[in-house]
Amino acid sequence: MKSETLKQIQTDRREKRPVVLVTNLKSGQEQLVYPDDLKTKDTNLELWTAAERAQRMDKSQTITIDGDDLFLHVFNAPLRMIIVGAVHIAQPLALIASLTEFDVTIVDPRRSFATPERFPRVKILHQWPDKGLQSLSPDRRTAVVTLTHDPKLDDAALSIALKSTAFYIGALGSKKTHDARLKRLNQQNFNDTELNRIHGPVGLSIHATSPAEIAISIMGEVVTQLRTNW
Amino acid sequence: MKQVLDMDILDTAIEWDTSGLKLAIATVIKTWGSSPRPVGSLLLVNETGEFVGSVSGGCIEGAVIQSALEVIKEEKPRLLDFGITNSQAWEVGLACGGKVQIFVENIS
């Protein structure tokens, strides 16, 4: 690999531009293919189509074109997790999500909750959740988890998340709390199909009780959604 | 504990390259059956034998690093196969029963 290629990949990743590194497994020759670049589509449709598909599925793979084995290495924009509510569960969740290579942002207008001491090395946004989520604009590589238990804050976040392409939306709260939440959101004109996107009560059923255990159950559900529902 | 993410591995590659070290990078390009690291996983090796990242649960790292050091010298890429059908792989111990193919190339 040429060092220029390496630098270009890192620049693309920092600028959140999806790129596919195509390497000929015999000669070692390489080229970068951008799914957004239609010029490559015109010059080498077969390669572009395969690269675009690999990027969309987030699946690096080997393909064969004209007898050449080519490895398509997908470098996608980083996965993100937006956690609404700088509560106790958010602390282990932010940590576990970071270890899982998610870029974590905590949104909470309450400055005494969302402090860098309680949340080292993650981004903190002191904004009302609807404003905060709007500015973060969740996409297909984003998970949104609301943890505040406060309808004023959670509903504000969910109403924006539901309008986004976020691949996962989860809301903490009991079955009863969740039913009440769905009723309120229904009154905001979200239909059942839209509301079904919300995982509530949040997380896989692993009989979790402590904040760290609940964080693990949430992370398990996020990973399941990420790896099975593209 | 410093966690090493794939993003950091490429940053380390740029850092080592800029400092004049010769390097090779190994990429998992295919897996069959049970294998601990997914396709696209990276292992970066410099000429002094220092490395970051992983291409398995630790069972074949030694052999891959050895190949990487040879690739650094020869400046020619290599395709490595490890798996239960490969007797050499048993020697380096891919005990999980999976198969994995790894591409090793130098960075220039």
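**A guided reading**

Analyst: A:Asp108 is buried, with a relative accessible area of 0%. This value, like the others that follow, is computed from a predicted model.

User: With which side chain does the side chain of A:Asp108 make a polar contact?
Analyst: A:Asp108 sits in the loop between β6 and β7 (123-125) of chain A. Leaving aside neighbours within four places in sequence, A:Asp108 is in contact with several residues, including A:Gly85, A:Phe113, A:Leu125 and A:His126. The polar contact of the A:Asp108 side chain, at 2.9 Å, is with the side chain of A:Arg110.

User: Which element gives the most residues to the largest nonpolar core?
Analyst: The largest nonpolar core has 29 residues, and A:Met81, A:Phe102, A:Leu147 and A:Ile218 are those with the most contacts inside it. The elements of chain A that give two or more residues to this core are β5 (79-84), α4 (90-99), β6 (102-107), β8 (142-146) and α9 (211-228). With six residues, the element that gives the most to this core is α9(A).

User: Which parts of chain A does the salt bridge between A:Asp154 and A:Arg181 tie together?
Analyst: In this salt bridge the closest N and O atoms are 4.0 Å apart, and both A:Asp154 and A:Arg181 are buried. Because A:Asp154 lies in one helix and A:Arg181 in another, the pair ties together parts that are 27 residues apart in sequence, namely helix α6 (residues 151-161) and helix α7 (residues 175-187) of chain A.

User: Is A:Lys175, which meets A:Asp179 in a salt bridge, buried or exposed?
Analyst: The side chains of A:Lys175 and A:Asp179 meet at 3.4 Å, N to O, and the two residues are separated by about one helical turn because they are four residues apart in helix α7 of chain A. A:Asp179 has 36% relative accessibility and counts as partly exposed. For A:Lys175 the relative accessibility is 54%, and so this residue counts as exposed.

User: How far apart are the closest N and O atoms in the salt bridge of B:Glu70 with B:Arg78?
Analyst: B:Glu70 is partly exposed at a relative accessible area of 31%, and B:Arg78 is partly exposed at 23%. The closest N and O atoms of their salt bridge are apart by 2.8 Å.

User: How much area do chain B and chain A bury between them?
Analyst: In terms of residues, 24 of chain B are in contact with 26 of chain A. On the side of chain B, the residues that lose the most area to chain A are B:Met7, B:Leu10 and B:Ile14, together 26% of what that side buries. Of the area buried between the two chains, 64% is on carbon and sulfur atoms, and the whole comes to about 2000 Å².

User: Which element supplies the largest share of the side of chain B that touches chain A?
Analyst: The rule finds one salt bridge across this interface, and A:Arg14 forms a salt bridge with B:Asp11, the closest N and O atoms being 3.7 Å apart. At least two residues each of the side of chain B that touches chain A come from α1 (6-18), β1 (23-32) and β5 (99-107) of chain B. By class, that side has 15 nonpolar, five polar and four charged residues. Its largest share, seven residues, comes from α1(B).

How values were computed: Residues numbered from 1 in each chain as written. Chains lettered and ligands numbered in written order. Predicted model: local features only at pLDDT ≥ 70, side-chain atom pairs only at ≥ 80, totals over all residues. Heavy atoms only, no water. Core = buried A, V, L, I, M, F, W, Y, C linked by side-chain atoms within 4.5 Å. Buried < 20%, exposed > 50% of the residue type's maximum accessible area, 1.4 Å probe, protein only. Contact = heavy atoms within 4.5 Å. Buried area = accessible area lost by both parts, 1.4 Å probe. Nonpolar A, V, L, I, M, F, W, Y, C, P; charged D, E, K, R; others polar. Polar contact = N/O pair within 3.5 Å; in protein donor to acceptor, adjacent residues only side chain to side chain.
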